[in-house]
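Student: I have a model open and would like to go through it with you. Can we start once it is on screen?
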Amino acid sequence: MAIDAGETVVLTATFTDENGDKADPSTPVTVTIEGPDSTTTDPMSKVETGVFEYEYDIQSAGVHEWKAQSQDIAIEQGTFYAQQDQTA
């Protein structure tokens, strides 16, 4: 499925403890998104124990790299590509 600039993408990060069970960090979870034109850092919203989401409005086409992290639990990260809006 293609992602177009101008759409909203939901980024999801799942944090686990040393046993592999979902666990909440003791410090806030933030997401940093590096897009072609800018970098954004914002808090993520808790969905359930150990699971956090962030809705990101894509401003421009190109590669976007994201990283969700807390000070006390490992990082989750990913990359997505947004293309020019094909409906315009």
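Student: Is Lys22 buried, exposed or partly exposed?
Tutor: Lys22 counts as partly exposed, at 44% relative accessibility. Buried means under 20% relative accessible area, exposed over 50%, and partly exposed in between, with a 1.4 Å probe and protein chains only. Before going on: this is a predicted model, where local features need pLDDT of at least 70, side-chain atom pairs count only at pLDDT 80 or more, and totals for chains, interfaces and linings use all residues. Residues are numbered from 1 along each chain as its sequence is written, and side-chain values use heavy atoms, with hydrogens and water left out.

Student: Which residue forms a salt bridge with Lys22?
Tutor: Glu48 does, with the closest N and O atoms 3.0 Å apart. A salt bridge here is a side-chain nitrogen of Lys or Arg within 4 Å of a carboxyl oxygen of Asp or Glu. The pair links distant parts of the chain, 26 residues apart: Lys22 is in the loop between strand 2 and strand 3, and Glu48 is in strand 5. Strands (E, at least two residues) are DSSP runs, numbered from the N terminus.

Student: And Glu48, buried, exposed or partly exposed?
Tutor: Glu48 is partly exposed, with a relative accessible area of 40%.

Student: How many salt bridges does the count come to?
Tutor: The count is 2. Besides the Glu48 pair, the side chains of Asp24 and Lys46 meet at 2.5 Å, N to O. Asp24 lies in the loop between strand 2 and strand 3 and Lys46 in strand 5, so this pair ties together parts that are 22 residues apart in sequence. Asp24 is partly exposed, at 31% relative accessibility.

Student: Strand 5 keeps coming up. What does strand 5 pair with?
Tutor: Strand 5 pairs with strand 6 in the antiparallel sense, over 3 bridges. Two strands pair if DSSP finds at least two bridges between them. Glu48 stands opposite Val51 in strand 6. The hairpin of these strands has 2 residues between them, and Gly50 takes a positive phi near 80 degrees there.

Student: In what order do the strands of that open sheet come?
Tutor: The order is 2-6-5, with antiparallel pairing of the 3 strands. Strand 2 (8–14) and strand 5 (45–48) each have a single partner strand, so one side of each is left without a neighbour in the sheet.

Student: What joins strand 2 to strand 6?
Tutor: They pair in the antiparallel sense over 7 bridges, with strand 6 covering residues 51–57. Leu11 has Tyr54 as its bridge partner, and Thr8 stands opposite Asp57.

Student: Switching to the mixed sheet: what is the strand order there?
Tutor: That open sheet has 5 strands in the order 1-8-7-3-4. Strand 1 (3–4) and strand 4 (39–43) are the edge strands, each pairing on one side only. Inside the sheet, strand 3 (residues 30–34) and strand 7 (residues 62–69) run antiparallel, joined by 5 bridges. Thr32 stands opposite Lys67 in strand 7.

Student: Last one, Ser70. Where is Ser70 found?
Tutor: Ser70 is in the loop between strand 7 and strand 8 (76–83). At 10% relative accessibility, Ser70 counts as buried.

Student: Which residues is Ser70 in contact with?
Tutor: Leaving aside neighbours within four places in sequence, Ser70 is in contact with Pro25, Thr27, Pro28 and Val29, contact meaning heavy atoms within 4.5 Å.

Terms used:
Helix = DSSP H or I, 4+ residues; strand = E, 2+ residues; numbered from the N terminus.
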